[in-house]
Amino acid sequence: MAKITLDNLAHSYLPNPASEEDYALKELNHDWQDGAAYALLGASGCGKSTLLNIISGLLQPSQGRILFDGHDVTHAPTTERNIAQVFQFPVVYDTMTVRDNLAFPLRNRGRDEAYVAERVQEIARMIGMEDMLRRKARGLTADAKQKISLGRGMVRQDVNALLFDEPLTVIDPHMKWELRTQLKSLHRDFGHTMIYVTHDQTEALTFADKVVVMHDGRVVQIGTPEELFEQPEHTFVGYFIGSPGMNVIPARIEGDKAIVNGTEIELGHAYRPQEGKLEIGVRPEYARLSQAEGLPVKVRRVEDVGRHKVVRADFFGHDINIIAGEDDHVGADMNRVTFDADHVNVYADDWRVAPSERTTPAGEAA
Amino acid sequence: MNKTVNQKAWFLVLPVLLLVAFSAVIPLMTVVNYSVQDTFGQNQFFWAGLAWFEEMLASERMWNALWRQMMFSGIILVIQVPLGIFVALNMPKSGAWSTVCLVLMSLPLLIPWNVVGTIWQIFGRVDIGLLGYTLDALGLEYNYTQDTLDAWVTLIVMDVWHWTSLVALLAFAGLKSIPDAYYQAAKIDQASRWKVFRYIELPKMSGVLTIAILLRFMDSFKIYTEPFVVTGGGPGNATTLLSIDLVKMALGQFDLGPAAAFSIMYFLVILLVSWVFYTVMTNLDKQEG
C-alpha cells in the first residue's frame, strides 16, 4: 500500500509531440492518497486508460515522474511496482483450470501452496465460483471469465494499488451491482488504494470516495460526488455528471447579475469582469417552472422518468432542462423559469469562475 | 416450421456434382478400375479381384517406401513446426520491418517445386554448386548423389527452406490475433517469458498450428517433384519416397494394376492420418472446454 504521486506527468503516443494537442494525457500533478477509493470518470478516449497504464508501468510516460511513497518508480517495470490491474475485457488463461488461474499471480511470486490454496478459496467465495474451481477456464461465459480476471486482481493481499479499467463492462447488470459491492467491501476490509476507471457516472459515484473527472487528456476536477454536483469546475463536468446534465447558457456577467438576451438573472455572488466565452451553468434540479415569476420559456415536452419529471424547454433559443417533482403540476400556462441564485455557476472559457468576495482569486482553476 | 418441398432444387446442386465428378470421382474410379483388373495389352482387361492389393501389402518395396516417407514427414514436421513458431515469435509485430519480413519469408513459397529442386540440385553439386563446393573445400566429404545421409540432409534442408515460412506465417497470424490485454495481464501477474508462451501464445496459436501441421503433413507426404529433381530417389533407393516409387512402378515398369492398388492405399493412409490427427485435436479442445 502506498501513496502514489504523479509529478508533472504527461504522455503522448507520438515520438515528438509538438503541441498540446499531441498529448493523450496533458500535464498532471496529483497525489492518490493511500487507501482511498478513486473513480476515474470520463468519456471514451479521454486518457483514462493511458493514465492507468502509466501508473501500473505498462506504459512509460513521455515526461514527468511517478512516485510510490516518495520512491521514484517512473522507469521501474510492472513487476517491481507490485500493482494489480483488471482490464476491460476478460483475460483468462484458457488451458488452466479456474483454480490455477486464480493461483497464477501468487505462484509466479513463489508463495507457498498452503497460502495459495487458502487465498484461492477465499477469492472463489467472493466471486461466487467455489464450485467451478476444477473447470477449465476455456468455454466459460464472458461473465465468468471476467469474474476470474477480477479474482486474479484481488488475490494478492500486499499490492500497492488495485487498478480497474472498466472491469464491469461485460458483466450483466445484476452481477455488476453485486461485484461492485464486493469491491467496496474489499476496500473497507483491506484498505487498498483503488482506482476504478469508468465512463458510467452511477458506477463512479457509488464506488468512490473521490471522483476524478477527465476530459480531453486533462483532469478537469477531483472531488467528492457532492462537489462534482454542486460546483462543477468545468462545463464538461456539468454535462457529464447528472441526468440530465447542467444547463449551460451563454451570458454576459455584470457584478452579481448575468444578462441573457438583455434579461437579467440574479447570481448568488458578485464576479469580477471576465474575459473570453462567458456562460452560466445551472443544474436542472435548481431550475423551477412557474406561472408568474422569472424569465419566459417555451415548454416543448415533459418526460416522466418516475421519481421526477424532466421538462425540456426553449429559453431564448437555447435548450434547457428543468426538473419538476413527481407530484408537481406542469400546466400549459407555466411558461416562466426561475433559477436558484446560489446554485448558478459562472464559466469563462468552460472553466468555473470563483466569485470575487471569496478569498480565492478568480480563474484559479484555469 | 413447415419446410417447402421442391424437388426441382436438386438441379441447383447439379453443377457442383458435375464438377466434383469430373475433377475427383471419375479419375479416382479409373484408378479403382485398374486396381481390380489385369491386362496383357490390346486393351483387354481381366478381373483380378483384390490380388493387387494383397501383392502390394506383402511387398517389401512398398513398406520400405512407406517407412522412408514417414521418416521424411516426421523429420520435417519436427523441424519446421518449432522453427516456424520460433521465427514467428521473433518477427517484428508491426511497422515497415514486419512487412519486409513477411515478403521475404513468402518468397520461397512462390517458387515452383521443380525450380526449387533445380536450385538445390545445382546448389549442392560438388563441382559447381556453392553449397557442395564450399563443404567440400572445408574438408567435409559431402556428396548427395553418392552418400545416403548427405542425400537425406539435402532433401530435408531443402524442404525446411521451402516450407518453414508457411508455418511461420500461420503462427504469426495466430500471434497477431492475441489482444494486448493478455500480455499486459501477464506482466501484472508476473508471468515469465516461458509462461507467457506456454499459457497465452501456444493456446491461442493451437488452431492455426493444427492447420499448419495438417497442411505440412499432407504436402510432405505427397512430395514428388523436388526429390525427383535433386536425387531421383537415389543413391540406390535411399530417397525413393512413396510418390517416386509409385511413378517408377506405374510409368517406368507400366505395372498399372499394382500401381493403382498402391495409389489407393497411399490415398487412404493420408486420409486416415489427417482424420485421426484432426479428430484428436478437436476432441482435446472439447475436453478442455
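**View 1. Strands β6 and β7 of chain A.** In chain A, strand β6(A) and strand β7 (residues 161–165) pair in the parallel sense over four bridges. Two strands pair if DSSP finds at least two bridges between them. Strands (E, at least two residues) and helices (H or I, at least four) are DSSP runs, numbered from the N terminus. The structure is a predicted model, in which local features need pLDDT of at least 70, side-chain atom pairs count only at pLDDT 80 or more, and totals for chains, interfaces and linings use all residues. Residues are numbered from 1 along each chain as its sequence is written, while chains are lettered from A and ligands numbered from 1 in the order in which they are written. Within the pair, A:Val86 stands opposite A:Phe164 of β7(A).

**View 2. The two faces of strand β6(A).** In a regular strand the side chains alternate between the two faces of the sheet. Strand β6 of chain A spans residues 83–86 and is covered on both faces. A:Ile83 and A:Gln85 are buried on one side, and A:Ala84 and A:Val86 are buried on the other. A residue is buried if 20 or more other C-beta atoms, placed from the backbone, lie within 10 Å of its own.

**View 3. The two domains of chain A.** Chain A is divided into domain 1 (4–238) and domain 2 (245–353), with bounds from an automatic or database domain assignment. Taken over C-alpha atoms, the domain centres are separated by 38 Å. Six residues of domain 1 are in contact with ten residues of domain 2; contact requires C-beta atoms, placed from the backbone, within 7 Å. The side of domain 1 that touches domain 2 has one nonpolar, four polar and one charged residues. Ala, Val, Leu, Ile, Met, Phe, Trp, Tyr, Cys and Pro count as nonpolar, Asp, Glu, Lys and Arg as charged, and the others, Gly among them, as polar.

**View 4. The side of chain B that touches chain A.** Here 15 residues of chain B are in contact with 22 residues of chain A. On the chain B side, α8 (180–188) and α9 (193–221) are the elements that give two or more residues. The largest share, six residues, comes from α8(B). By class, this side of chain B has nine nonpolar, three polar and three charged residues.

View 5. An unreviewed UniProt entry places the feature "transmembrane region" at several stretches of chain B, including residues 70–89 and 151–175. Residues 70–89 of chain B are 100% helix, and their end C-alpha atoms are 28 Å apart. Residues 151–175 of chain B are also 100% helix, with end C-alpha atoms 35 Å apart.

Note on methods
A residue is buried if 20 or more other C-beta atoms lie within 10 Å of its own, exposed if 12 or fewer, and partly exposed in between; C-beta atoms are placed from the backbone. Two residues are in contact if their C-beta atoms, placed from the backbone, lie within 7 Å. UniProt positions are given in the numbering used here, feature names are shortened, and annotations may be inferred rather than shown by experiment.
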